[in-house]
Amino acid sequence: VTQARPALASRLPLARGIWLGGLLALAAIVAVFPLVFTNPTVSDFGVITLIFVAVTSAWNLFCGYSGYLSLGHAVFYGTGAYFLVVAAKDWNLTGSAVFLLLPLAGLVAAVIAVPLGLVALRVRRHTFVVITIAFFFIAQLSASNLGVTGGSSGLLVPVPGNWSAATYNNPFYYVAAILAGGAVLVSWLVRRSRFGLQLRAIRDDEDRAAGLGVRAMPVKLSALVLSAFITGMAGALWVYFIGEAFPQFVFDPLFDLAVVLMGFFGGLGTVAGPVLGAIVLEPTQLWLNLQESNGYTSDILFGALFLVVILFLPRGVIPTGAEYVVKARAWLQRRQSRQPAPAAGSTAEATASTAATGRTS
Amino acid sequence: MGSQIGQAIAAGILGGGVYALMAAGLTLVFGVLDIINVAQGILVVLGAYLSYVLSVHLHIDLLVGLLITIPSMFIIGLAIYWLFIRPLRGSERTSMTLLACFAVALIIEGVLYREFGSNYVSLNAWYVSDSVHIFGFYLADIYLIGFGLAVVSMALLYAILYQTTFGRAVRATMQNRVAAQLVGIDVNRVSALTFAIGTAVTAIGGMVYGAISGGFTPNSGYDLISRLLAIVILAGMGSVGGALAAAVFMTTVEALVDIWQPDWSVAVFYLAMVIILTFRPRGLFGRQAARAQ
């Protein structure tokens, strides 16, 4: 044990280097992706997946950290979407100018989140889940019946007419990439902050957290509003990309479920989990929809996948994976203590695992 | 106008009985297992489709068909419990079971779409098309039959809960799971049977719903579950008697609003739920506060 201490200290800068290198590599892959895969179907997948990276990170920022499970984030997604459609139409915006509406769309969703949060956050556990479902249905019903949303006949988004077909997806892709990167960054910053610590204290035991001086309601509400802001922007970008807004697709119960599944799959309350969940599951779902356009096959497979994740990976890929890494590291250390001179390869592996567990647990 | 209101109230009260039965299953499962079975809506639709298959393909009368559909739904409930609910443990069990139920609902919905498509179907029998003349207006017989069935089933449920050893075990488990285990109650068995009974009532609910709703699709599950959740929350989770009162109240108000604002009548459910939770988080008849962690 005494031998390991100086070794650990010398590893730390290396760990940070590997982590930074990995991030830069990921950023580079995301950046060149549409230049390599010019097929519009593939870049379609890219745009939607990045949007889901943003949404799932935002959802996790509230639900994963605070433990309040929301099945109503489609309310914020749809609110942002409808705001963009209506505002672009009223203010005669087309082309890239429409992207300027995204922060405003996020703001509208955030404003909506305040009264919803004030009501819903008074209750916990099941009742909270149920009340978010109720909000979802109210939103869907309103979208179908109000004049401003065009009712069930839907609305069309002004098409950016002068964009060339070959690179049509690229502006959407890069805006989505910025949004996704921003969402992950915010999620990481929150997790490291005092605010994030307060949220996780609420998740573990709200009454005790309150007893220790956490002002639960403002903390929960701020997290929800921040989450709604990002989700609203993502919804607005999504609807601009899709080009049409129908109540049953803008407020879609499957959307809520998809986001929850992605969060659970990757690992609730981690930074990397939602990203992994979105990157793995969203393209899979899109691909399944391409293969079987009948609708029900994706329902069945999606439900089955959900059950598999809940039953066998209840805490998600990232925490479960991190456990394995910790076990592997312990095993390596036991081997090292038997052999005084460790091989160079095993040190590098151990360093990588330190980085992985340090960042994700 | 007056007769319209009277008719709405009558239909609301009678229809409310059926919703109460479906909600009773939901609230019982919540009380014993601490689970919100969000699949209850689609299970009702599944029950309706079972009745549909029996009556259309095998020409079995809807009421006689219940003798087959109730045990079928009971077994389906047992299967769902053993396969997907029982294995879930740990601190996140509550939200996990909710998600598992949601996933089950999604699978059932997909299978129903696959088998029956998205066209509206409805259940038919002579007592669905015939109507009786009471209190100056006409009501389809099925409303009375459905209400009767609901009352009989609820009475049966009450008898089981308050007159049998099993019912005593159920109530003990509701009050304190650990203590119930300590006095020798097989909590797993009680949970499985409660879940199965909660599912079995959807056979009756589904049959009546299929007959009075004028048509249903696999998608109807969403509409149903949101109403049922509203009823259960309004009543207070775990309160069977409260579910009856809340269901009758809600369906009556909905039927009344429907006269003036047909597009928005469903919103009454959600609005009532939001208002109740804002001012009385435990529900009207709930013993246990919904905000308790």
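**View 1. The interface of chain B and chain A.** In this predicted model, the area buried between chain B and chain A is about 3900 Å², and carbon and sulfur atoms give 78% of that area. Buried area is the accessible area (1.4 Å probe) that two parts lose on being put together, summed over both. The elements that give two or more residues to the side of chain B that touches chain A are α3 (62-85), α4 (93-116), α10 (220-235) and α12 (267-279) of chain B. With 16 residues, α4(B) gives the largest share of that side. Helices (H or I, at least four residues) and strands (E, at least two) are DSSP runs, numbered from the N terminus. The contact (heavy atoms within 4.5 Å) takes 43 residues from chain B and 36 residues from chain A.

View 2. Ser220(B) lies in helix α10 of chain B. Is Ser220(B) buried or exposed? Ser220(B) is buried, because its relative accessible area is 10% (buried means under 20%, exposed over 50%, partly exposed in between; 1.4 Å probe, protein chains only). Leaving out residues up to four places away in sequence, Ser220(B) touches Val45(B) and Tyr209(B).

**View 3. A nonpolar patch on chain A.** Val32(A), Leu35(A), Val36(A) and Phe37(A) form a nonpolar patch on the surface, with about 380 Å² of accessible area together. Patches are made of residues with over 30% relative accessible area and no salt bridge: like charges are joined within 9 Å, nonpolar side chains (Val, Leu, Ile, Met, Phe, Trp, Tyr) within 5 Å. Accessible areas come from the Shrake-Rupley method with a 1.4 Å probe; for residues, only the protein chains shown count as cover. Val36(A) belongs to helix α1 (residues 4-36) of chain A and is exposed, at 56% relative accessible area.

**Notes.** Residues are numbered from 1 along each chain as its sequence is written, and chains are lettered from A and ligands numbered from 1 in the order in which they are written. Local features need pLDDT of at least 70, side-chain atom pairs count only at pLDDT 80 or more, and totals for chains, interfaces and linings use all residues, while side-chain values use heavy atoms, with hydrogens and water left out.

Definitions and conventions. A salt bridge is a side-chain nitrogen of Lys or Arg within 4 Å of a carboxyl oxygen of Asp or Glu.
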